[in-house]
Amino acid sequence: MKNSGLKNRIVIIIMSLSLSLLYLCINNAFAELTVKANHDHIKIDSFYNGSSVGVRGISNPVDADLIIKITSAEGHQSLHEKSKVGSILWMNTGELKIENVPNVYFLHSTRKIENILSREDMDKYVLGYPSLEQHVKMNVTNEEDKTRWFNEFIKFKESSKLFDTSVGEIALKEKDGKQNYYILTQWPYQAPPGNYTVTVYAVKDKKVIETATANILVEQVGMVKSLAEMAKNNGALYGFLSIMLALGSGFGVGLVFRKSGGAH
Amino acid sequence: MYLYLPVALTSINILLPIGLGLIVGLLSGLFGVGGGFLMTPLLIMLGIPSTVAAATDSNQIVAASTSGTYAHWKVGNVDFKMGFYLLVGGFIGGLVGVEAIKILRAMGNADFVIKITYVLMLGIVGAYMFIESLSSMRKKKTEEVTAVKESKIAAFLKSLPLQTHFEKSGVTHSVLVPVFLGGLVGILAAIMGVGGGFLMVPIMFYILKMPMHVIVGTSLFQILFTCIEVTFLQSYTNHTVDFTLAVLLLLGSTIGAQAGAIFGRKLKGEQLKVLLAAIVLAVTVKMVLDLTLAPSLLLAQTGGH
């Protein structure tokens with residue numbers, strides 16, 4: 001009797017597991033996600049003042065929510081901390097060091113991320129500021145300080161236009177049984193040259209069911225590139241030319257004013 | 001129209017730096033100051049990183065002070081001999097000041113010392129010049145007291161060795177006086193990260209007793225060489241000079257410096273001093289407010305003061 005009961009339980013467990021696996025397989029077999037950034041090579045020339053990037057693709061199932069994350073590679077950042085000295089003066093009093101943090105972080109979602117995704121997946125894919133806070137390492141002594149300075153960090157980055165979030169700005173349109181999505185984002189001139197990753201997450205039942213990625217390359221070209229490289233790699237020549245230009249301009253304008261009688 | 005700045009990594013409406021250069025160049029030509037104490041904070045307000053703002057400002061001051069020195073030289077208002085001794089002192093003082101900053105940074109209170117020095121120097125110089133110029137304009141000077149003070153200082157200065165006559169300025173001083181005073185300004189300028197024109201001008205007037213119009217030209221001559229040195233060092237060691245931004249600034253500042261030199265000759269010395277004092281005091285008030293009012297952001301880019 002005991003053996004048959006045990007067997008029954010084992011059979012039930014195996015069947016449950018099989019059904020769960022089947023459900024997941026079916027779900028994923030039908031999950032489809034594509035992504036394409038329409039402006040994936042941004043060239044910084046002399047007249048560059050930022051750009052715009054359109055991200056579009058197809059998502060299936062049609063009822064999946066979408067999260068679009070655009071980030072730079074993670075790295076180290078260092079900023080001055082301001083606080084009051086002697087209860088009167090605001091000054092730089094320390095240095096905030098943050099590890100594992102991207103310089104650029106844009107996050108767009110069809111609905112509020114907290115409402116469509118479990119905290120576990122938010123942390124796993126670093127989606128949303130609370131998850132980013134968990135993800136980064138900071139030179140602070142306690143959690144209270146970490147939250148305080150992380151919030152200040154977000155304020156600083158948003159004011160520099162390097163961090164941004166939006167909800168409900170992804171346009172969705174159902175076509176041929178699939179969901180077409182599109183978002184046009186403003187690319188700030190403050191975002192430095194480098195490689196950026198666009199990741200789209202299809203979300204259903206509070207879980208990420210599919211991801212797709214695309215890349216954006218931002219690079220300096222022409223005169224901007226030449227000057228930036230000379231400043232970095234040949235500082236002596238760059239300095240000499242800067243001084244010569246300044247001296248030449250000063251004398252040049254002086255001569256013009258003299259000829260026009262301005263200096264007399 | 002916008003231009004992208006390759007070192008500052010930012011985009012800027014070209015009218016802003018040209019206009020800024022014009023205004024600061026005008027002040028430069030009028031008063032013989034480089035304008036760093038005014039230009040650098042304004043550039044930071046336009047979104048330029050503080051290190052790039054300070055370094056690029058030095059580069060544009062080279063252009064403005066060349067233009068200004070040239071304009072003043074053509075009308076005989078540059079005392080090259082005095083400028084040379086001040087420059088020697090300034091160079092030595094600059095080296096001492098840089099070492100002082102290194103020690104302060106190691107002690108961890110450089111930022112406090114820099115800001116307090118800035119506010120005190122600007123405040124004291126501005127207030128003294130303003131009050132003194134106003135009272136002399138109103139001719140309410142108590143000449144007897146001044147005469148006593150002057151005689152004591154003059155007696156001390158005359159007792160120093162290596163006396164030499166500065167023809168252009170019409171004064172006789174020991175060589176040690178301009179070298180020492182130049183050194184003092186050099187130390188303060190290095191600590192504060194500015195050219196020191198706003199300190200040098202009052203020193204030339206009140207201690208060296210030089211005529212105001214020669215002061216402006218001579219100060220510009222000294223600032224020119226200081227800023228050439230700073231521009232080269234910033235380019236070579238920190239890579240923070242933005243050539244494009246410097247060109248935009250100097251487009252305005254070179255013309256402004258010429259215009260300043262023309263207007264300066266139409267104003268009296270006392271009027272020039274009152275105007276400069278008012279500007280120095282306005283900057284002091286702005287700095288005090290920045291220090292005492294809670295900032296909107298508690299984090300800032302590293303690298304600046």
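**A walk through the two chains**

Among contacts in chain A between residues at least 6 apart in sequence, 69% join residues at least 24 apart; a contact here means C-beta atoms, placed from the backbone, within 7 Å. Keep in mind that this is a predicted model, where local features need pLDDT of at least 70, side-chain atom pairs count only at pLDDT 80 or more, and totals for chains, interfaces and linings use all residues. Residues are numbered from 1 along each chain as its sequence is written, while chains are lettered from A and ligands numbered from 1 in the order in which they are written.

Chain A has seven helices and 14 strands; these are DSSP runs numbered from the N terminus, helices being H or I with at least four residues and strands E with at least two. Of the 264 residues in chain A, 30% are buried, that is, they have 20 or more other C-beta atoms within 10 Å of their own, with C-beta atoms placed from the backbone.

Now for where the chains meet. Chain A puts 50 residues into the contact and chain B puts in 48. On the chain A side, the elements giving two or more residues are β6 (74-85), β7 (89-102), α5 (143-159), α6 (222-233) and α7 (235-259). α7(A) gives the most, with 15 residues. That side divides into 27 nonpolar, 16 polar and seven charged residues. The nonpolar class is Ala, Val, Leu, Ile, Met, Phe, Trp, Tyr, Cys and Pro, the charged one is Asp, Glu, Lys and Arg, and the others, Gly among them, are polar.

The sheet crosses between chains too: four strands form an open sheet in the order β9(A)-β7(A)-β6(A)-β5(B), with antiparallel pairing. β9 (137-138) of chain A and β5 of chain B stand at the edges with a single partner strand each, so one side of each has no neighbour in the sheet. Strands pair if DSSP finds at least two bridges between them; β6(A) and β5(B) (residues 299-301) are joined by three. One of the details to look up is A:His80, whose bridge partner in β5(B) is B:Ala300.

Over in chain B, α3 (residues 50-74) and α9 (residues 212-238) pack at about 150 degrees, with their axes 7 Å apart. Axes are lines fitted to C-alpha atoms, for helices over the stretch in contact, and angles run from 0 to 180 degrees between N-to-C directions. The residues of this contact divide into twelve nonpolar, twelve polar and no charged.

Terms used
Two residues are in contact if their C-beta atoms, placed from the backbone, lie within 7 Å. A residue is buried if 20 or more other C-beta atoms lie within 10 Å of its own, exposed if 12 or fewer, and partly exposed in between; C-beta atoms are placed from the backbone.
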